[in-house]
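Here's a quick briefing on a two-chain model. Have a look at the structure first, then read on.

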Amino acid sequence: MRSVRIRWSLAVSLMVIGCCAGSHGMVLQAASGEAGDFREAVDFNRDVRPILAENCYACHGFDEAAREADLRLDTFAGAIGRDGGNAAIVPGKPDESELVARILTDDADLRMPPVDSGKRLTDAQQQTLRRWVEQGAAYETHWAFVPPQAHEPPPVEGISHPIDRFIQARLAGEGITPSQRANSETLIRRVSLDLTGLPPTPAQIDAFVTAAAADPEAAYRELVERLLASPHYGERWALWWLDQARYADSNGYSIDAPRQIWAYRDWVVDAFNQDMPFDTFTIEQLAGDLLPSATERQRIATGFHRNTQINQEGGIDREQFRVDSVFDRVATTGTVWLGLTIGCAQCHDHKFDPISQVEYYQMFAFLNNQDEPSMKVYGRDGDAGEAEGDAEPLTTTLVLKERAQPRKTHVLIKGDFTRPGAEVTPGTPAVLHPLERPAERTDEPLDRLDLARWIVSPRNPLTARVIVNRLWQQHFGRGLVEIENDFGLQGSSPSHPELLDWLALEFVRQGWSIKAMQRLIVSSHTYQQTSRLRPELDEQDPENYLLARQRRLRLDAEIIRDASLVASGLLSPKLGGPPVYPPIPEGVMGQGQVKRAWKASVGEDRYRRGLYTFKFRATPPPALSVFDAPDGFSTCTRRLRSNTPLQALTLMNDPAHVQFATALEKIIVRDGLETAFRRCTSRTPTEDELAVLTQLDPLSAARTLLNLDETITRE
Amino acid sequence: MSDKMQNRDRLREETRRHFFSRCSMGVGSMALASLMADSAGAASAAEPMQPKTPHFPPKAKNVIFLFMAGGPSQLETFEYKPELTKRNGEPIPSSFVEGKRFAFMDSSHRSDLLGTTRSFRRYGKNGTWVSDLLPHTANIVDELTIVKTCKTDLFNHAPAKFFMNTGSGLFGRPSMGAWVTYGLGSECDDLPGFLVLQSGPRGPRGGAVLWGSGVLPTTYQGVPLRNQGDPILNLSTPESIEPAQQRAVVDAVRELNLKRLVETGDEEISTRINAYELAYRMQSSAPELMDTAGESAETLALYGIKDPNESSYARNCLLARRLVERGVRFIQLYHTNWDHHGGPTENLQKHLPEICKEIDQATAALVMDLKRRGLLDDTIVIWGGEFGRTPMGEVRENTGRNHHIDAFTMWFAGGGFKAGHVYGETDEFGFGAIENPVHVHDLHATILHQLGLDHNRLSVRFQGLDFRLTGVDPAHVVKDLLA
């Protein structure tokens, strides 16, 4: 029967392709920077800029030092020679434009881009540029530097959710209908894993399935509220943020000594659980120590930029590594909040984005003025400075502390700390919104607090977009802007620009509430659709950019551990505290220069969530790194999802996973195979599936279940 | 119909047949693997280690990098500098060191020349100088390209090791082995494509990051072959599990994953099915690799292996040959500790001769063994560390030398490198190149070139930059090293 069904659906898909390919190929081509229908006006941001940025700007762009032939193509004035340089374009006259001649010529010595650059324009790209010149060669400001525009969600009959209106209007335009809502079992698993990182228990599944049968909307709403209110929500989303903060529990480099900074990790968990507005969240992490009468907690928050490595090797020049850590802070701030590759301007003007090397060091200057102490934590929420004389500190944590006397900052020639150039003072890139300060502060020098406030200014065109895009990425496996860490000229255009802008404005309107945005996203039909592949869309939208369905996603490394702990009934729900040492295979810690001790925890600390596992940068926990947990060397804004034999060996043979299986075996003996299957996959097995499992002894059945692709996936 | 759809259709058909016929594991996995590899692009997503076509026809297929961790002294091994010995104890002329920075600048670093106490002789067809510390290597100089003017950027161990391995001094960039397997896949379908073997008293500074994959998928990171216990982490079936149970679990996982694949059509599941099959094959192929019982007494003697079950650099050299025979793409050996600053535990009089003895015979044996088995033409063997040592001595209680980055010696064998060739010339003290300096990035470009990879095109975009092994500044293939 099944084979018939598949054959049939393929036949249908062939017919659909036959009907639609001609008129609907355009959307996806445009997304990849290629030309669309020739009758349509060329759109600079959508069609032209990606071609110029990729192929031309390296030698004819913003970086004056690298500019060839005194020609710049990143501005209209430059392209027509009004800037005093050479002209390459005569607007409206492609046949008189050197640019057109040079991209079309057969002469390999003259052709652009040059042969030895390894770059090459496709025929379609050549024609796009020609038509653009013909149509007047209009330039537009790069979309991400224009503030988000208010768009009314387009009307779609019978649809009220704003996200669905944007998505479905687009789908309708392509002649595609959205997928059905996923079934209740899939939905509760998906939204539980997405919001709390823990799969639902059979009892929770039963309750939801029953409630949803009566009133699907109300049951789902209630479920989402329960999950958002769970303390495990903060743990899951802290993981998301800690990747970006490049958090780990050791100093890195070759010595890689342990460090104490887990109070910062707990601060992040708590901030998500309290739904701290993202602007406050930002200010406290970048400049909590500079807030008026900063509290202990606000100082702990500055641990964000203490997650840099510290080199304790003998014979080093300390200043070199201090400067390296500031480089990392500038790059991380740029990537995490602005979605810009500011770090590229460390050695030279940015090749693609309008950020000069001087502007880079102006940003550097904001982050160059702190001492880097370890602070005693007393766990009280008053003034950090007050009455700690007789109290015993709970722990210590790494923080930033602004120096009374600012360091001088110089441009470093080629990024070399031994080659200081001109002195610079703090400042922000001219291409973005101006930095405005309250009147009472205008006399003082700019500091990190000004930088933080500038980043979360509602006039900033980037931050809200960047963050909502990254939230979206978590819920759909890909952002509306696919290249989530580069909103600059070499990045990718949004698949749904109006929706992205609408979400960014809504984020600010809702007081920068992350929970509000997640409530909004997961309550959409778009999110709740089934992830089943639709072969009939293979030609039209094979990568699912248009979101006519959800997507199966392998769980993150720590969540695989957590889900296995839940399935086997071992999970300790304990929140926060020092990192723990669950058992790891012997010999793992012997690889670095210094053999670090790993004294396995006892009691419930063996069964804590993956978030709490002690993380050495040089020798990360193997069961986590094998599933792509980031290494904490630099910011990670999107995890890879690899799929390797070493993962199979881990799930089959790692002593910890064998222990999970032994616990699940007991559950099989006590409650039966079906319950165990549901604990792993959140659904009821088919008879076929049960038949495979019943052939096995209970331990083998337990190991099988914990190794299923479905057990480590949310569908 | 697109290739992808055709592929999926065939895949579904195949998985159904596979499921119903319950064919043996090997055949099934091969069929699945071949189905996944319908085109280059699809191959990398579905079967990342599938062999890939290089940019141009390669001269070599495999690499064995013998990494002498800590920085071996070129002045006690390959660099014959009588002038240095003659002027032992004199201050180095200031023209050499002005404006230079060194490790340990404020404490033990000093500027008096230190002559060697080793004796040098000429070997081979070209009369190549080699010291008495490396008699076996001396006998194979006609197979080697010796580069005396290697140059690196960084003088602390960990950053310099990163630089030699990843082309960057920063933590966490993709290593050469990761780049090569990313670019070429691997010919071996029952072992990882990039394996790392270690010997010596401790792990190399920098640890697992040295063979990391950085911004490339973790599939391409080096897998350490361990000296004790399982050769690969979690390779063995746990003691509490019977072999028949393991087999039953692997079969059941496959059956249930196949059902889910048919139900959902998600090709990630077929990749996972493949991964489990490879994992299961590794469970037998890795122990078989480590079992050297089939090696002749003559071969063991050639490498100087007394007890084949005892872990040593020599045994790792033998394993490297066995890995090349199995088609593993990139093999890296680390041997510590070459950091001879002087002092009671790391001086030039006692400890350098010891470590040279540990590596000399087996290194030469590896090259000769590869050659007599016809494997040397396809395999690049690289010998060297992260930097060299200064011509000046250090102020410690026993003789030693500081880290030196301006000129140090590495050698290459096989893989289309010129046999019996010495390249580059240094000044009378061996401080810097007076002709033909070879930067680490140039070495990387040259190695990639021999493998059929263009270092400019082997790149991946991350944080707005095109990352490549050879970095931002232009790197050059050193054609003069090549046959």
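At what angle do helix α12 (residues 231–244) of chain A and helix α13 (residues 262–273) of chain A pack? The angle is about 120 degrees, and the axes of the two helices lie 7 Å apart. Keep in mind that this is a predicted model, where local features need pLDDT of at least 70, side-chain atom pairs count only at pLDDT 80 or more, and totals for chains, interfaces and linings use all residues. Residues are numbered from 1 along each chain as its sequence is written, while chains are lettered from A and ligands numbered from 1 in the order in which they are written.

**The α12/α13 pair in chain A**
- That angle makes α12(A) oblique to α13(A); under 35 degrees counts as roughly parallel, over 145 as roughly antiparallel, 65 to 115 as roughly perpendicular and the rest as oblique.
- For the geometry, axes are lines fitted to C-alpha atoms, for helices over the stretch in contact, and angles run from 0 to 180 degrees between N-to-C directions.
- α12(A) passes α13(A) in a right-handed crossing (left-handed if the near helix is turned anticlockwise from the far one by less than a right angle, right-handed if clockwise).
- On the α12(A) side the contact includes A:W237 and A:W241, and among the α13(A) residues are A:V268 and A:F272; contact here is C-beta atoms, placed from the backbone, within 7 Å.
- The residues of this α12(A)–α13(A) contact split into 9 nonpolar, 2 polar and 3 charged (Ala, Val, Leu, Ile, Met, Phe, Trp, Tyr, Cys and Pro are nonpolar, Asp, Glu, Lys and Arg charged, and the others, Gly among them, polar).
- In the loop between α12 and α13 of chain A sits A:D256, a residue other than glycine with a positive phi, near 55 degrees.

**Chain A overall**
- Chain A has 29 helices and 8 strands, with helices (H or I, at least four residues) and strands (E, at least two) taken as DSSP runs numbered from the N terminus.
- Its radius of gyration, 28 Å, is close to the 27 Å that the globule rule gives for 715 residues, so chain A is as compact as a globular protein of that length (taken over C-alpha atoms; the rule is 2.2 Å times the number of residues to the power 0.38).
- Domain 1 (32–140), domain 2 (247–455) and domain 3 (553–714) divide chain A, with bounds from an automatic or database domain assignment.
- Between the C-alpha centres of domain 1 and domain 3 of chain A there are 52 Å.
- A:M112 and A:P113 are joined by a cis peptide bond, omega near -10 degrees, and A:P113 is in the loop between α6 (98–104) and α7 (123–134) of chain A.

**Where the chains meet**
- Chain A puts 72 residues into the contact, and chain B puts in 64 residues.
- α25(A) gives the most to the chain A side, with 8 residues.
- α29(A) packs on helix α9 (residues 243–264) of chain B at about 40 degrees, axes 9 Å apart; the two are therefore oblique to each other.
- Here A:S700, A:R703, A:T704 and A:N707 meet α9(B) residues including B:V249 and B:L256.

**Chain B**
- Chain B is divided into domain 1 (1–47 + 242–296) and domain 2 (59–228 + 311–481), with 8 residues of domain 1 in contact with 8 residues of domain 2.

Definitions and conventions. Contact = placed C-beta atoms within 7 Å.
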